There are 4 protein chains.
Amino acid sequence: MSGNTFGRIFRLTTFGESHGPAVGGIVDGCPAGIQICEADIQKELDKRKPGSSPASTQRSEGDRIEILSGVFDGLTTGTPIGLLIRNRDQRSTDYEQMKNLYRPGHADFTYEAKYGLYDYRGGGRASARETASRVAGGAIAQQFLLDQGIRLSAYTLELGGMEAERISPEKAENTAYFAPDQSVVQMWDKKINEVKSSGDSLGGVVEVSARGVPAGLGEPVFDKLDARLASALMGVGAVKAVEIGAGKEAAELLGSQNNDPLGKSGFLQNRSGGTLGGISSGQPLLVRAAVKPIPSISLRQQTVDRQGREVSLKIAGRHDVSAIPRIVPVLKAMVALVLADMLLLQAGNSLYSRRPPGSG
Amino acid sequence: MSGNTFGRIFRLTTFGESHGPAVGGIVDGCPAGIQICEADIQKELDKRKPGSSPASTQRSEGDRIEILSGVFDGLTTGTPIGLLIRNRDQRSTDYEQMKNLYRPGHADFTYEAKYGLYDYRGGGRASARETASRVAGGAIAQQFLLDQGIRLSAYTLELGGMEAERISPEKAENTAYFAPDQSVVQMWDKKINEVKSSGDSLGGVVEVSARGVPAGLGEPVFDKLDARLASALMGVGAVKAVEIGAGKEAAELLGSQNNDPLGKSGFLQNRSGGTLGGISSGQPLLVRAAVKPIPSISLRQQTVDRQGREVSLKIAGRHDVSAIPRIVPVLKAMVALVLADMLLLQAGNSLYSRRPPGSG
Amino acid sequence: MSGNTFGRIFRLTTFGESHGPAVGGIVDGCPAGIQICEADIQKELDKRKPGSSPASTQRSEGDRIEILSGVFDGLTTGTPIGLLIRNRDQRSTDYEQMKNLYRPGHADFTYEAKYGLYDYRGGGRASARETASRVAGGAIAQQFLLDQGIRLSAYTLELGGMEAERISPEKAENTAYFAPDQSVVQMWDKKINEVKSSGDSLGGVVEVSARGVPAGLGEPVFDKLDARLASALMGVGAVKAVEIGAGKEAAELLGSQNNDPLGKSGFLQNRSGGTLGGISSGQPLLVRAAVKPIPSISLRQQTVDRQGREVSLKIAGRHDVSAIPRIVPVLKAMVALVLADMLLLQAGNSLYSRRPPGSG
Amino acid sequence: MSGNTFGRIFRLTTFGESHGPAVGGIVDGCPAGIQICEADIQKELDKRKPGSSPASTQRSEGDRIEILSGVFDGLTTGTPIGLLIRNRDQRSTDYEQMKNLYRPGHADFTYEAKYGLYDYRGGGRASARETASRVAGGAIAQQFLLDQGIRLSAYTLELGGMEAERISPEKAENTAYFAPDQSVVQMWDKKINEVKSSGDSLGGVVEVSARGVPAGLGEPVFDKLDARLASALMGVGAVKAVEIGAGKEAAELLGSQNNDPLGKSGFLQNRSGGTLGGISSGQPLLVRAAVKPIPSISLRQQTVDRQGREVSLKIAGRHDVSAIPRIVPVLKAMVALVLADMLLLQAGNSLYSRRPPGSG
């Protein structure tokens, strides 16, 4: 029970269902004096707006963020920041047909097993709509990080099995799919359109990188930076794998290949992805999430209803073909929340540790 | 700061360095009346003992667990369980040569960046020795889970790039490498010996599965079961990727392939790995961790010392060739800790939720 | 940083300043299937409305609660419950004169010391307005407790040094001042009016009692029931002392007087106030809070401004003469939040502890 | 479940029963580079040793602290500090007679209600012996606080209803009873001896003060400094009331008396006890705890056994006549733990808040 708070010091607590009155949250623990306004948050929210690529629906959410507290004269005050996004354009009737069915790949079955009842409209709390609150909270984290010289970027490395190169990741936000490589966009468009017309859906791989992260963030042995990042990304709906640096490939390398040697000017390669022993090394942080295909497909599927009777289901309504690209700003927001929290957790050491004479 | 507690209700807090007087921990929140004795814990500790495969060193740790509190007349009392394992056979002098160097792939550099100083003997807190406390705590969690009909198994799916089949995973604990497939052992022995003689090291992939997990465990949206598992496994030193169910492969499947259909008797496949929407579905739980090669190798490596001078380093002393198989019981312990905590977090719902009439 | 969440399982996180757009909060961890509607919350909010006694201002807050999530078809769903109360009738200009002064007895000085800046309008986050969110969250906790047969009452035992008897505490909610004894009301009215006309303010003592609390709640040794209650009450602005049962008087009793003997039908007296060893005993829970006089008085006071210059201050505007009676429902709400959390923390033991044969 | 951790960043987790093998704990989150050795802790432990005043038993505990981790070359390393104190001189047989009885004023009844079973030997976990771990953890907190110029003192203000003046509180530690006023000692000795010979027991009042606490500590609105202090003190066995500053007396003062005016050189009185709005003001912190009489008395008492039969009980064995003076260092330790945690929680603001131009 009560898993809706993320972080220990910089904390985001969220609420909201797909078809209820609103989604939103509370950011607690943001230092005082940080510049923040609704436009900073709106900009990030707009990145997960549907309609920006062929992969997403035309539901026009028109999310408008409202800051309810914690900001005065344009600066954070150190008190909790209330965030509100009213829900709009809800067609609950689309879901009436399915209120007694367990949609394959969705959380209907498990929510009912857990709570005994659930808000079946649009997935309720299990809807991706919930991630709007994460993006809003993450936008505040990003303002704090920027203030400390830490910059995040996020981009799609793979869509439907087709890979992109990291050619211009810093420009990815301006492209459809957040592609770090303009040359793949046409290919991905084609793939998406094929799969859409077949009534099916696709997954992919997203990478988030962070530059300017100081060495020393992460709290061994259970709140290591990589552990927190893994939790943050795996907790986003649709994510089924998380990698840091070389990731799964590390399992197939020799120690002599995987170890990052050090020279006068620092590390000579970055297989570690910016963490050693669960603590940031000062190298760029590199984390990846593998995203499963959207479970809502138009093809006929076999399932059961709440009485256990077998049913053949064909889901109507508007659905994205892929969680990519809309999931990209969500994953970036989660990394931002982790880093903001870790900066604050390290503050005590930064301020109070007495370094022995002669140490770095 | 203070990341040495794992879990919210069933909580393990650990302490201890490789070359200090002891390692150990405190399990808090274990329900009362569970049978537990030192032999139950010792049995698990013995599984991570060195020397059971060619991959590990001959350091004879001879870990002996002592229960200091929380158990009376053979039963847990609901009060915290103190756990102590004295350190033995420490050759601190092996490490004197390296006290001013940052060993590549190790946490020396980042611990110093974080804390300003560190116990350089054998990696200090960053040593794999720390995981003995996890195994001890996990053994208690496993007793509680067994009491609830939940059984874990853990086995090696890949070593140095060579895969094993899941032929008899339930017998893996009796084999070298925790192999779920006897036929690979000889091949793996050969590989390990080759790499050992070349002075290098190897990684691999470990899977943990759990049967008997009831549907309903996991606390959306930030403490989902998969998020907690990802944190638990990624927080073990050497792990660089975590997957649930189909894992990374899900990114390349179509929705129609990846969705698990339901029939009268339940789910018809298990690509989800036992979670939907971050909540257990009642299917077997399947999680995998990719383990990097051990960073301590006998080959000459380039690094710098604490004064920033370039140094050529050749690590002496005894070192495992691979974290596998000794990491296998550690990963199992972490999954056990997650499940015990999630069971207790769900207890409030189990006990107090009022299910509407007519619901399951 | 980030102290705006109360509770471990049944958790209330709040936000909001006196003169911002809104106050509100998120209740996370309420079991599913509990009946709750806006009217249940509104009823509690109305109890802290100003104007119900001579002691409070005429500011007409007209607080209207809106439930934003977590309730579907009249039942809690187990997901977080978003709560919103828009602020109205704000006369920020009343505060312009004081924006550079530290009002004696208020938190202006300490908020500035902590955060470097603060929202000076009406005390900002330090305003008693913040407690509306507590009352709203506490109303949900009380619904859950009622469902479990636990009933709270709260009443004023002392106002301006004049004591009331516990004659009919269960009717206190229907009286001005929440008096448990009708005969004191006239006397208290007179006192309040005298002090009001002199421009000064008053404090008092409030008691909260709970009946139907099962034995076994409380988590030694740091989250004991009495420790959590003390934290809950002392954390309400204006509270300067907290007592359980005999309270301070216990320090002057002999052991033979203070020990509660047991007979066949249970405890024979209740000096303990319903807890032993930090765990509820099944006796009525009795906790008291001493409330300081409201710091905003109309008398001239000596203070300094933000530049350290001495200033003579005379506070204008409307102010309550005493935090009583408006604080009474707030203190009740806090006790409810503690008990809801403690019930859920004990759920794991209730469900999973195996009691040895022959035990109670 | 799992209430054995205190604090959010500077955290103490404890274990241990009166008659088990050991008590101890883990301090997590202490900044690195703080000088600490076993003698620093032993010194504090010795203050709660029995036998230093007529009020305590002759059980010679001879507690010896052992540091198991987290300190290297005399400095904390930032990693968890394991603490161990072996139990000695246990006469479990003293308790056999009472294993089926609920001792009045003790936690036997509630522990059994909660856990279904309990370690009846000497009160088990509910024994005051548990507080040795608190004193050890608090000693580390005090070293950190000293490093920051914060000094605590603790002394007895009242024993058996007889008050002491705050004449020389800084010398209290050198006197029997931690008396801040030498002139009361003889009177208290007499009282204690009278009550001892009658077979009864006594309570009293203890004050802890802290000087050098910077303004700005405390995390509104739920983790206010006073709320945390109240929790810390009320959670010590035998404490039934907690006061800050004027405490209960504030309820009887007028606002004009209770408000602390400010002048050029700071506050002109300290009724607030060093906190305003739950945040430290820079004035000396003053907190008091009312301590009930020890429940173990030699007089015959009425109780029931586990089968509900009425029994007349006369407790044999050695027992303190009063929790004072042995509770004094425990209460001081708890205040130290709160302050250490609050310093670290404020570190993020200290380090990262951007104060607007022209602000203090």
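In what order do the 5 strands of the open sheet of chain D stand? The order is β1-β2-β3-β7-β4, and the pairing is antiparallel. The model is a predicted one, in which local features need pLDDT of at least 70 and side-chain atom pairs count only at pLDDT 80 or more, while totals for chains, interfaces and linings use all residues. Residues are numbered from 1 along each chain as its sequence is written, and chains are lettered from A and ligands numbered from 1 in the order in which they are written. Helices (H or I, at least four residues) and strands (E, at least two) are DSSP runs, numbered from the N terminus. Two strands are said to pair if DSSP finds at least two bridges between them.

In the sheet of chain D, β1 (5-6) and β4 (65-67) stand at the edges; each has a single partner strand, so one side of each is left without a neighbour in the sheet. The partner examined here for β4(D) is strand β7 (residues 81-86) of chain D, with 3 bridges in the antiparallel sense. Within this pair, Ile65(D) has Ile85(D) of β7(D) as its bridge partner.

Chain A contains 8 helices and 18 strands. An open sheet of 5 strands in chain A has the order β1-β2-β3-β7-β4, with antiparallel pairing. Its edge strands, β1 (5-6) and β4 (65-67) of chain A, each pair on one side only. Two bridges, antiparallel in sense, connect β1(A) with strand β2 (residues 11-16) of chain A. Thr5(A) is placed opposite Thr13(A) of β2(A).

The overall dimensions of chain A were also computed. The C-alpha trace of chain A spans about 70 × 50 × 35 Å along its principal axes. The radius of gyration, taken over C-alpha atoms, is compared with a globule rule of 2.2 Å times the number of residues to the power 0.38. For 360 residues, a compact globule would have a value near 21 Å, and the 21 Å of chain A agrees with this. A residue is buried if 20 or more other C-beta atoms, placed from the backbone, lie within 10 Å of its own; 68% of the 360 residues of chain A count as buried. Two residues are in contact if their C-beta atoms, placed from the backbone, lie within 7 Å. Of the contacts in chain A with a separation of 6 or more, 71% are between residues 24 or more positions apart.

Helix α8 (residues 327-352) of chain A has 26 residues. Of the 26 residues of α8(A), 24 are buried, and the helix is mostly covered.

Between chains, 18 residues of chain C are in contact with 18 residues of chain B. Helix α8 (residues 327-352) of chain C supplies 7 residues, the largest share of the side of chain C that touches chain B.

Strand β11 (residues 239-244) of chain C is mostly covered, with 6 of its 6 residues buried. Antiparallel pairing over 5 bridges links β11(C) to strand β16 (residues 285-291) of chain C, where Val239(C) is opposite Val291(C). β11(C) is also joined by 3 bridges to strand β11 (residues 239-244) of chain D, and the two run antiparallel. Here Ala241(C) stands opposite Glu243(D).

Note on methods:
Expected span 1.5 Å × (residues − 1). Buried ≥ 20, exposed ≤ 12 C-beta atoms within 10 Å, placed from the backbone.
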